[in-house]
Amino acid sequence: AATYTNLAPGNNTFEVKASSRDAVWSEPVSLEVKVLPPWWRTIWAYLGYLAFMFGGVVSAARIQRARISAQEREKVRQKELEQAREIEKQHVELSLAHETLKKTQGQLVEQEKLASLGSLTAGIAHEIKNPLNFVNNFAEVGAEMADELSEAIAAGNSEEAQAIIAELRENAKQITKHGRRADEIVKAMMQHARGGASEREEVQLNTFLEEYANLAWHGMRAKDNDFQAELVRDFDPLVGSLKVMPQELGRVVLNLLNNAFDAVRGVEGARVTIASRQTDGHVSISVSDNGPGIPDAIRDKIFEPFFTTKPTGEGTGLGLSLSYDIITKGHGGSMTVGLSAEGGALFTIDLQSHP
C-alpha cells in the first residue's frame, strides 16, 4: 500500500514498476488520478468568500453610514433644541416688548386725550367768562334795582315800582339763561373728560359745532395770545339734529381745529373754516385751512398711529388716528383728507343722518 499526502488538486499520474526475484523490472504502468480540492478551496467556496467579504464591506459601510446618520441626527436635534430655546427666549422677549409697547401706547393715548382735555379746558376757561360776566352784571344791576324798588314803594309810586319789578323779572330771565349756558359748558367739559365711549345723544349739530369752534378758538388764544386767524363758520341750516357720541365727536372737532390753527400759524391772512352740509341722508363736517397743506407723499399715512408732521416732541402722532377710529368705528362714518380750495388741508367727516 502506498500513501501520498499533500497532493495538489488536479490531474496526477501514478506510475508503478515491478521487479522479479531476478531483479528484472517490468514496464511501468501508469494510472491517471484526479485529486479533487477540499470544499473550502472550491470555486464555490471562493465565490462564497467573495460574497461574504462583499457583504461584510457592505455591512460595514451601512453601519458606518448609520453611525454617521445617527451623529448627524443628533447634531440636528441639538441644533433644533438650541433653535427652540432661542425661539422661546425671543418669544418671551417679544411678549415682554409687546406688553411694554401696549402699556406705552395706552399711556400715549391717555396723553393725547389729556392734551385734548387741556385744550378744551383752556377754551372753556375763556368761553365761560361770557355767561358768568352776564350773571354778575345782571346780579349787580338787580341789587341796584331792588334798592330803587324799595324807594319807589316807600314813596308810594306804584307805577315806577311795577316798571322796576318788570325789569327785575327780565334780569332774572337773563341770569337764568346765562347760568344755564355756563352749566352746559361745564357739563361739556365733564363729559369730554369722562373715560370710555359716551352714549349716543341727539344734538343740534350746528350749535354743537359752534360751541366746539369757540372752545377751540379760545383754547388756542389761551396758549398763544398773539395768535391771529379768521375762524369762518359755514353751517348748512338744513342739517338739523344728529345722534352722535358728543364727547367723542367733540374730541375729533377739537383735534381738527387745533391742527388747522397750528397749520396757519404765521400765515398772512390766516383762515380756518368749519362747515356742515346735509346731502341725501348724509351729513358732512369739514375743517379746512389756507396753510401749507399736506404733501401727496404722506397723505396716505396721515391717519396711521404715531405718524406726525410735527417736530419731534411736539406731538404723539395719535390725534388723527384716534379721530379716524372715533368716526369710522365709533360712528360708522368715514373720514378723508384732501386739498382745500385755498391750497391747505381739508378734512371731511361723513356721517349718516339716521344711523
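## Arg-299 and its partner

Arg-299 counts as buried, because its relative accessibility is 19%. Buried means under 20% relative accessible area, exposed means over 50%, and partly exposed lies in between (1.4 Å probe, protein chains only). Arg-299 forms a salt bridge with Asp-296, and their closest N and O atoms are 2.8 Å apart. A salt bridge here is a side-chain nitrogen of Lys or Arg within 4 Å of a carboxyl oxygen of Asp or Glu. Asp-296 counts as exposed, at 59% relative accessibility. Both residues lie in helix H6 (residues 296-299), three residues apart, about one turn of the helix.

This is a predicted model: local features need pLDDT of at least 70, side-chain atom pairs count only at pLDDT 80 or more, and totals for chains, interfaces and linings use all residues. Residues are numbered from 1 along each chain as its sequence is written, and side-chain values use heavy atoms, with hydrogens and water left out.

## The chain as a whole

The protein chain has seven helices and nine strands. Helices (H or I, at least four residues) and strands (E, at least two) are DSSP runs, numbered from the N terminus. Of the 355 residues in the protein chain, 30% are buried. The accessible surface of the chain comes to about 22,900 Å². Carbon and sulfur atoms hold 56% of that surface. Accessible areas come from the Shrake-Rupley method with a 1.4 Å probe; for residues, only the protein chains shown count as cover.

Now take contacts, meaning heavy atoms within 4.5 Å. Among contacts between residues at least 6 apart in sequence, 68% join residues at least 24 apart.

## The five-stranded sheet

Five strands form an open sheet in the order E4-E6-E7-E9-E8, with mixed pairing. Its edge strands are E4 (230-235) and E8 (334-339), and each pairs on one side only. Two strands pair if DSSP finds at least two bridges between them. From one strand to the next, the twist averages 15°. Strand E9 (residues 345-352) runs antiparallel to E8, and six bridges join the two. Ser-334 stands opposite Asp-350 in E9.

Two helices pack on this sheet. Helix H4 (residues 205-223) touches E4, strand E6 (271-279) and strand E7 (282-289). The direction of H4 makes about 175° with that of E4. Helix H7 (residues 319-330) touches E8 and E9, and its direction makes about 130° with that of E8. Axes are lines fitted to C-alpha atoms, for helices over the stretch in contact, and angles run from 0 to 180 degrees between N-to-C directions.

Phe-208 lies in helix H4. Is Phe-208 buried or exposed? Phe-208 counts as buried, because its relative accessibility is 9%. Leaving aside neighbours within four places in sequence, Phe-208 is in contact with Val-203, Pro-246, Leu-249 and Gly-250. Val-253 is 45 residues away along the chain, and its C-alpha atom is separated from that of Phe-208 by 9.9 Å.

Asp-280 lies in the loop between E6 and E7. At 78% relative accessibility, this residue counts as exposed. Phi of Asp-280 is near 45°, a positive value in a residue other than glycine. Most residues other than glycine have a negative phi.

The structure holds eleven salt bridges. Side chains of opposite charge can pair when their charged atoms come close. Glu-72 is partly exposed at 41% relative accessibility, and Lys-75 is exposed at 54%.

Which residue meets Glu-230 in a salt bridge? Arg-271 does, at 3.8 Å, N to O. Glu-230 lies in strand E4 and Arg-271 in strand E6, so the pair ties together parts that are 41 residues apart in sequence. Glu-230 is partly exposed at 44%, and Arg-271 is partly exposed at 27%. Elsewhere, Asp-224, Asp-262 and Arg-265 are linked in a network of salt bridges.

## A nonpolar patch

Ile-43, Trp-44, Leu-47, Leu-50, Phe-52 and Met-53 make a nonpolar surface patch of about 780 Å². Patches are made of residues with over 30% relative accessible area and no salt bridge: like charges are joined within 9 Å, nonpolar side chains (Val, Leu, Ile, Met, Phe, Trp, Tyr) within 5 Å. Leu-50 lies in helix H1 (residues 43-127). Leu-50 is exposed, with a relative accessible area of 54%.
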